[in-house]
Amino acid sequence: PTQGPSLELPALVAAARARRPELAQLDRQIAASDASVAAAQAGKRPVLSAFANSQWGPDSSDWTPQPSWTAGVSLSWTAWDGGRAQAEVRIARANLRAAVAQRDALLVSLTAALEVARARIVANLASVQASTEAVSAAQSSLHLAEARYGQGLGGQIEVADAQAALTAAQGSLVLAEWQLADAWAELRRATGQ
């Protein structure tokens, strides 16, 4: 195909970012790592807990059951944890930075792959145009050689050479079109289509 998505790199990167599942996975991993940082920071806060208990059973001397209730509130705060909370925060931040670095590295390699595919498409489009013009020129040369041969001004070798040149030009055109289609396929694969 000679038509396809826009060949502007920012548009290609945006399309790939929207479609590539590994980028979505890394974005979710970054969100989870960010939540882990918040959870690790919350480990330094005091913990308020409440409890309630109810028992109902007969007394050993009396068969009429009497309920008993217990309720309470507890507030605990770790005064010293040996640096565990700070270490957990540092670990969570390091995991967040690692996830961001993975995503950025993937975006860099994806952008490079998109740029290579885009450059291949541009180069192969020019190659197809040049090969099309070469086929036209070879056809004109063949018609001229056949006309010269028909008038007795040229030989059979000239006609055979023109036919060979036309066949070679058509082969080059087929190869150029195949390379262009391959470049489009590479671009589509890189954008996640």
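**Salt bridges**

Guide: Let's begin with Asp 27, which is partly exposed at 28% relative accessibility. Keep in mind that this is a predicted model.

Visitor: Which residue does Asp 27 form a salt bridge with?
Guide: With Arg 103; their closest N and O atoms are 3.4 Å apart. The two sit in distant parts of the chain, 76 residues apart: Arg 103 belongs to helix α3 (residues 84-150) and Asp 27 to helix α2 (residues 21-42).

Visitor: And Arg 103, buried or exposed?
Guide: Arg 103 counts as buried, because its relative accessibility is 18% and the cut-off for buried is under 20%.

Visitor: OK, something else. Where do Glu 88 and Arg 84 lie?
Guide: Both are in helix α3, 4 residues apart, which is about one turn of the helix.

Visitor: Which residues do shared partners join into one network?
Guide: Arg 17, Asp 27, Arg 103 and Asp 104, through salt bridges that share partners.

Visitor: What about Glu 22, what does it pair with?
Guide: Glu 22 has a salt bridge to Arg 20, with the closest N and O atoms 2.4 Å apart. Arg 20 is buried at 18% relative accessible area, while Glu 22 is partly exposed at 25%.

Visitor: How many salt bridges does the structure hold?
Guide: There are 9 salt bridges.

Key: Residues are numbered from 1 along each chain as its sequence is written. This is a predicted model: local features need pLDDT of at least 70, side-chain atom pairs count only at pLDDT 80 or more; totals for chains, interfaces and linings use all residues. Side-chain values use heavy atoms; hydrogens and water are left out. A salt bridge is a side-chain nitrogen of Lys or Arg within 4 Å of a carboxyl oxygen of Asp or Glu. Buried means under 20% relative accessible area, exposed over 50%, partly exposed in between (1.4 Å probe, protein chains only).
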